Amino acid sequence: MPNQNPLILALKAKKSNVEIHKHAAFQIVFTDDYPFSTTLESQEYPDIFGFVIKPQVAHACVCNQGNVVILNIEPYSILGKLIEEQLGDKNAIILYTKVELQHFLGMQEGDFSLDRLLDLNLQNSLIQPLDTRIEDAITFIHEHFKVENISTQEVANHVFLSPSRLATLFKQQIGSSISKYLLWTRLRNAIFQILTAKDKNLTTIALESGFYDSSQMTKYMYQLFGISPSKLKQKSDLIQFLAIETT
């Protein structure tokens with residue numbers, strides 16, 4: 001799996017219609033070719049370029065032609081908090097043009113690509129170089145997330161910090177907790193496997209991603225992203241896992 005920020009899940013869906021659902025992630029959805037339609041909180045918006053929504057906002061999409069890019073962002077991450085600030089008291093914004101998305105993200109016009117998408121001006125002075133101990137903790141998590149019972153204590157021991165000190169530093173620099181970071185790492189790995197290793201069954205993928213069983217994986221995937229592993233597997237021919245640099 002591409003070694004990138006696990007607090008962002010980026011997918012590209014082709015001609016994919018999605019029924020009304022909710023999830024716990026912030027979401028930015030936009031097209032890279034044809035306009036699509038969405039329903040947000042029971043109101044229909046036809047022929048749009050995209051939208052940005054807060055967690056737990058009911059929404060649906062109708063994309064009968066072309067593709068949509070879907071960015072799911074952990075709400076307590078630094079980026080999630082910055083997007084929340086941009087939304088203010090709005091639960092969602094509708095984007096009718098690429099320029100509107102560029103303005104929302106603080107990007108210059110003409111500077112829009114998937115590779116540049118999350119290298120945002122939103123990531124301003126709040127984003128600081130990571131403490132080397134946090135870098136080591138993240139490396140340890142990426143190397144051991146497939147172990148089901150990995151604990152904060154084990155991560156703390158590895159970087160020679162107390163669990164409470166590590167938790168504080170991690171929260172300050174990453175925004176999210178260690179447990180959330182670990183969960184997103186596992187889910188991204190599971191989703192990558194579902195979309196690319198089509199011969200593997202869901203139980204195998206769950207165990208290889210550090211979950212207790214496929215039921216636990218299903219529970220968290222649906223909570224965070226509003227889709228079950230079985231549904232994702234059914235649509236795997238239409239969905240692509242995107243690797244987007246976030247430096």
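Predicted model: local features only at pLDDT ≥ 70, side-chain atom pairs only at ≥ 80, totals over all residues.
Me: Why is Leu87 called buried?
Reply: The cut-off for buried is under 20% relative accessible area. Leu87 has 2% relative accessibility, so the residue counts as buried. Leu87 is found in helix α1, which covers residues 78–87.

Me: What does Leu87 touch, leaving out residues up to four places away in sequence?
Reply: Contact asks for heavy atoms within 4.5 Å. On that basis Leu87 touches Phe26, Val52, Ile53, Lys54, Ala92, Ile93 and Phe104. Take Val52: Leu87 and Val52 are 35 residues apart in sequence, and their C-alpha atoms are 8.3 Å apart in space.

Me: And Thr39, with 18%: why is that residue buried?
Reply: Buried means under 20%, and Thr39 has a relative accessible area of 18%, so Thr39 is buried. Thr39 is found in strand β4. Beyond neighbours within four places in sequence, Thr39 is in contact with Ile20, Glu44, Ala58, His59 and Ala60.

Me: Which bridges link β4 to β7?
Reply: β4 and β7 (residues 59–62) pair over 4 bridges, again antiparallel. Thr38 has Cys61 in β7 as its bridge partner.

Me: How do you know that β2 and β7 count as paired?
Reply: The requirement is at least two bridges, and 2 bridges join β2 to β7, which run antiparallel. Here Val18 stands opposite Cys61 in β7.

Me: What sheet do these strands make, and why are β2 and β5 called its edges?
Reply: They make an open sheet of 4 strands in the order β2-β7-β4-β5, with antiparallel pairing. β2 (18–21) and β5 each have a single partner strand, so one side of each is left without a neighbour in the sheet. From one strand to the next, the twist averages 15 degrees.

Me: What is the order of the open sheet of 6 strands, and why do β9 and β10 stand at its edges?
Reply: The order is β9-β6-β3-β8-β1-β10, with antiparallel pairing. β9 (92–95) and β10 (239–241) each have a single partner strand, so one side of each lacks a neighbour in the sheet. Direction ignored, neighbouring strands of this sheet are turned by 15 degrees against each other on average.

Me: How do you know that β1 and β10 are partners?
Reply: The threshold is at least two bridges, and β1 (residues 8–14) pairs with β10 over 3 bridges in the antiparallel sense. Ala13 stands opposite Ile239 in β10. Helix α2 (residues 98–105) packs on this sheet, touching β3 (26–31), β6 (50–53) and β9, and its direction makes about 140 degrees with that of β9.

Me: What makes Leu166 stand out in the largest nonpolar core?
Reply: That core has 55 residues, and Leu166 is among the four that touch the most other members, with Phe51, Ile191 and Met221. Helix α6 (residues 178–196) gives the most to this core, with 11 residues. Not counting residues up to four places away in sequence, Leu166 touches Ile134, Ala137, Thr152, Val155, Ala156, Val159, Leu161 and Ile178. A second, separate core of 20 residues includes Phe30, Ile73, Phe104 and Met107.

Methods:
Residues numbered from 1 in each chain as written. Heavy atoms only, no water. Axes fitted to C-alpha atoms, helices over the stretch in contact; angles between N-to-C directions. Core = buried A, V, L, I, M, F, W, Y, C linked by side-chain atoms within 4.5 Å. Buried < 20%, exposed > 50% of the residue type's maximum accessible area, 1.4 Å probe, protein only.
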